[in-house]
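Here is my note on this structure. Please read it with the 3D view open.

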Amino acid sequence: MKIACLPGDGIGPEIMAEALRVLAALELPVEVVHGDVGGAAYHRHGHPLPPETLALAQGADALLFGAVGDPTCDNLERHLRPEQAILGLRSALGLFANLRPAKMFAGLEDLSALRPEVAGAIDLLIIRELNGDVYFGEKAIRRLDDGRRQGFDLMSYAEDEVRRIAHVGFRAAQGRSGKLCSVDKANVLETSQLWRDVVIEVAAEYPDVALTHMYVDNAAMQLVRDPGQFDVIVTGNLFGDILSDQASMCVGSIGLLASAALGERQMAHGTLGLFEPIHGSAPDIAGTGRANPMAMILSLAMLLRHALGQEDAATRIEAAVAVTLADGIKGGDLGGTAGTVAIGDAVLARL
Ligand SMILES: NC(=O)C1=CN([C@@H]2O[C@H](COP(=O)(O)OP(=O)(O)OC[C@H]3O[C@@H](n4cnc5c(N)ncnc54)[C@H](O)[C@@H]3O)[C@@H](O)[C@H]2O)C=CC1
Ligand SMILES: CC(C)CC(=O)C(=O)O
Ligand SMILES: [Mg+2]
């Protein structure tokens, strides 16, 4: 079993080091190969996703990804910016289904941005489409005839793209409480109208799932008003990106939320996927030793479950993180004092 380890930029290498310590402690028969991505790869190879990294990724059973993003690269042409590494991997490997679970950890209710009795009910899964939408449409800054600059990004979804992510949503709902909420903006966007039409068509195949629809602006509001009403949410790339960052603060911190980006390719032990925290490279705290590595460590757990079929190891990691938090060991993002390595130590001690 081969894992491609891609730490990236900012806090990426710092939190990755902790996840790799956890992986080593599990003593699983895995080979870890290392590659450059993002700004680190640009500085070393002149490209955020060099061909050797792509080849490494294509030859692995799973990808463990830190984060990319480097302020020194913000003025590069877009195709050379660090973020193109993650977009490029998701696209090149056909990783269209992004699972972003958000669940309240026992003992953290008071640290949510919401009232504890509201936050305590959170146990939801955002399924975000990852290969389409405005992120991948034609985009440019062009000059209009009157001389003004105009930026544009084409939002589009083809019906098969919606259909396949809808199936992921319905199947996930079947495995949970049987409720699926599709989030769109069908009152304004044609892309969303097609999205809604196709989700309704697919629903006919899942009579055991209760499907509802919600406009994204209302969904953002409902997520803080009463997050307990949601079980599985299926939505497009842009809306899912935004709603999942919002969901993270409902459970206390963006440093806690892991994700899996899955496609259709089955490997020897599970589904090929890329596993990463939902947050970015956090340049504001990079190098200070203050990043919370829990989202990264929980992403390793998702990797072991989905890509390598190691359910027991995944459960062990998740339990160790939960006990660490219940024992009051928290990073600055949760109002605590533990640094990145101390949190890693604490999780290791509870494995
Ligand atoms: N998948 C990826 O690699 C992603 C990359 N990015 C990139 O990351 C860079 C920074 O983006 P931002 O908008 O600032 O988002 P960010 O998620 O990196 O940071 C937002 C805020 O959350 C804090 N934070 C994030 N992760 C944390 C952790 N593990 N522990 C403690 N605090 C944490 C940061 O310090 C910052 O204050 C940009 O270049 C952006 O494009 C952003 C999101 C995803
Ligand atoms: C950096 C972006 C490409 C993506 C993002 O914010 C995310 O995947 O959460
Ligand atoms: Mg994001």
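1. Start with burial. A residue is buried if 20 or more other C-beta atoms lie within 10 Å of its own, exposed if 12 or fewer, and partly exposed in between, with C-beta atoms placed from the backbone. The model is predicted: local features need pLDDT of at least 70, side-chain atom pairs count only at pLDDT 80 or more, and totals for chains, interfaces and linings use all residues. Residues are numbered from 1 along each chain as its sequence is written, and chains are lettered from A and ligands numbered from 1 in the order in which they are written.

2. Take Arg128. Arg128 is buried because 27 other C-beta atoms lie within 10 Å. Arg128 sits in strand β5, residues 123-129 (strands are DSSP runs of E, at least two residues; helices are runs of H or I, at least four; both are numbered from the N terminus). Leaving out residues up to four places away in sequence, Arg128 touches Arg100 and Asp241, among others (contact: C-beta atoms, placed from the backbone, within 7 Å).

3. Arg100 lies in strand β4, residues 97-103. Arg100 has 23 other C-beta atoms within 10 Å, so Arg100 is buried.

4. Asp241 is partly exposed, because 18 other C-beta atoms lie within 10 Å. Asp245 is partly exposed too, with 15.

5. An unreviewed UniProt entry lists Asp217, Asp241 and Asp245 under "binding site". UniProt positions follow the numbering used here, feature names are shortened, and annotations may be inferred rather than shown by experiment.

Terms used:
Contact = placed C-beta atoms within 7 Å.
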